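My notes follow in the order I checked them.

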Amino acid sequence: MQQIKILMVEVEMAKRILILGGDGFCGWPTALRLSGQGFEVAIIDNLSRRNIDNELCCESLTPIQSIRTRLQTWAEISGKEIPFSHLDIARQPEQLLASIKTWQPEAIVHFAEQRAAPYSMKSAWHKRYTVDNNVSGTNNLLAAIVESGLDIHLVHLGTMGVYGYGRVDGASIPEGYLPVKIETEMGWQETDILHPADPGSVYHTTKTIDQLLFYFYNKNDNLRITDLHQGVVWGTQTPETAQHPALINRFDYDGDYGTVLNRFLMQAAIGHPLTVYGSGGQTRAFIHIRDTVRCIQLAVEHPPAADARVEIFNQVTETWTIAELAEKVARISGAEIRRYQNPRKEAAQNKLVVDRDKFMSLGLNPTTLDQGLLGEVVEIAQRYKERCVIERILPSSRWTKAQQLDSDGQAVENPNHSRSKNVAG
Ligand code: NAD
Ligand code: USQ
């Protein structure tokens, strides 16, 4: 009797999950985490990120294996198969629908977008590609879920950048919805609105359009949707990807795809000055890749009710200025900090306070920058530093035409020597 009960619990737990973009930096460790936790996982990816590596002449610092080798290795280690479909969700909507009908997932986790702000600003072609890929992909997915007639919980990876990093000093950014008071004929009425969007790149703009698509399909078709407004992810390995060298996660360090903290850690490992853009007063929200995968599991396990509005979580664990991050990395590594002309059009400094109670209340125990993990990432970077293409470290995308003409990516100041000098933000 006891055995049957246990078996039933296991059957109940084996939720089917479809992961779109499951070959990427966040998608791959998420697929392994969920598979390892007893979910039945399938991956869809068009491998566009690997093609972009070729375009930019810069591969992941870590030697990632082909998707086939990755999946074979995971099957050998865990005994769990993860089916894979090579499919473009922005251009193959019928095949996407067919995959959904075949796999019948209870949840879909959607990572499958072009995610680099600098890449999205590189040229008119890159702007068009990012909008076409991200907006069509999301709309194709929503339309396919409706068409399938299945009750599927969609979990999407959004970004903190939809809010614009704290427009009102002293106001904490709420989780998606802003309570407002509107003056009416009957007096002041209270309501919630989606937090006003304030994107800082074409990439971030696509995420604000995603938000509106979610709002509409939820209102019109009662789709169950969770949108995770994630901060900048750092780190490389999770317990699952660390189990075998062939499972290693990707590590981007180039001026387009490398995110700031991983770039600094890698720069420290190879003896390159830390590339602080502008004043370094920009505050951003951060999360370690281990917490990314935990948060996604929590989101999958806590779907919104059938008639609930879009659920929005702020998926961040801490906030830092870029200068503070550089100083932390310099302290553990002895690296030199240098300021470069900012290739972006962004505020030279900002305060950023973020509500993040929802994941905490679901039991997230956040990993922080001070827990030895910085050293772990430097070690990974040390191990693979021979693979680094030095010429790809400095930024090559500019936000405006004036910056393209103006800037040659050169350092403007070394703050280790003259901290007081004022540089353009
Ligand atoms: P990534 O580029 O490493 O992974 C994205 C994956 O999606 C890639 O494997 C790519 O080949 C695939 N893909 C892209 N377009 C596709 C399409 N049309 N059809 C099928 N597959 C497609 O990016 P990531 O860092 O893993 O980010 C995943 C998601 O998380 C993105 O939506 C991003 O906006 C969001 N996010 C990332 C970060 C971060 O710091 N990395 C922070 C906040 C939010
Ligand atoms: N920066 C530097 N030096 C560098 C690289 C970046 O000073 O070498 C600065 C940038 O100017 C910016 C900040 O660091 O002010 C963050 O840049 P980033 O490249 O780490 O992050 P961003 O472009 O915002 O994009 C990343 C992910 C994106 C995700 C976003 C979350 O690539 O997918 O949506 O982080 S957030 O920033 O919270 O919007």
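Which atom of F25 lies 2.9 Å from an oxygen atom of ligand 1? I looked, and it is a backbone N or O atom of F25. I note here that the model is predicted.

**Ligand 1**

With Y203 the side chain takes part: one of its N or O atoms is 2.6 Å from an oxygen atom of ligand 1. I then checked the cover. Ligand 1 exposes 830 Å² when taken alone, and the protein buries 98% of that.

Which elements give two or more residues to this shell? I found α3 (48-56), β5 (153-159), α8 (202-221) and β9 (232-234). I counted 29 residues around ligand 1. The closest are C26, D45, N133, Y203 and K207. By class, I sorted the shell into twelve nonpolar, nine polar and eight charged residues.

**Ligand 2**

I turned to the second site. There are 23 residues around ligand 2. T159, Y203, V260, T275 and E346 come nearest. I had already noted the Y203 side chain at ligand 1.

For V260, I found a polar backbone atom 2.7 Å from an oxygen atom of ligand 2. For R284, an N or O atom of the side chain is 3.4 Å from an oxygen atom of ligand 2. On its own, ligand 2 has 740 Å² of accessible area, and the protein covers 96% of it.

Which element gives the largest share of the shell around ligand 2? I found β10, with three residues. At least two residues each come from α8, α9 (260-270) and β10 (274-277). I divided this shell into nine nonpolar, nine polar and five charged residues.

**Cysteines**

How many disulfides does the count come to? I got zero. The cut-off is 2.5 Å between cysteine sulfur atoms. The closest cysteine sulfur to that of C57 is in C58, but it is 8.6 Å away, so it is too far for a bond. For C295, the closest cysteine sulfur is in C26, at 11 Å, and that is also too far for a bond. I checked the burial of C295 as well. C295 is buried, with a relative accessible area of 1%.

Notes. Residues are numbered from 1 along each chain as its sequence is written. Chains are lettered from A and ligands numbered from 1 in the order in which they are written. This is a predicted model: local features need pLDDT of at least 70, side-chain atom pairs count only at pLDDT 80 or more; totals for chains, interfaces and linings use all residues. Side-chain values use heavy atoms; hydrogens and water are left out. Buried means under 20% relative accessible area, exposed over 50%, partly exposed in between (1.4 Å probe, protein chains only). A residue is near a molecule or strand if one of its heavy atoms lies within 4 Å of it. A polar contact is a pair of N or O atoms within 3.5 Å; within protein, one must be able to donate a hydrogen and the other to accept it, and residues adjacent in sequence count only if both atoms are side-chain atoms. Accessible areas come from the Shrake-Rupley method with a 1.4 Å probe; for residues, only the protein chains shown count as cover. Helices (H or I, at least four residues) and strands (E, at least two) are DSSP runs, numbered from the N terminus. Ala, Val, Leu, Ile, Met, Phe, Trp, Tyr, Cys and Pro count as nonpolar, Asp, Glu, Lys and Arg as charged, and the others, Gly among them, as polar.
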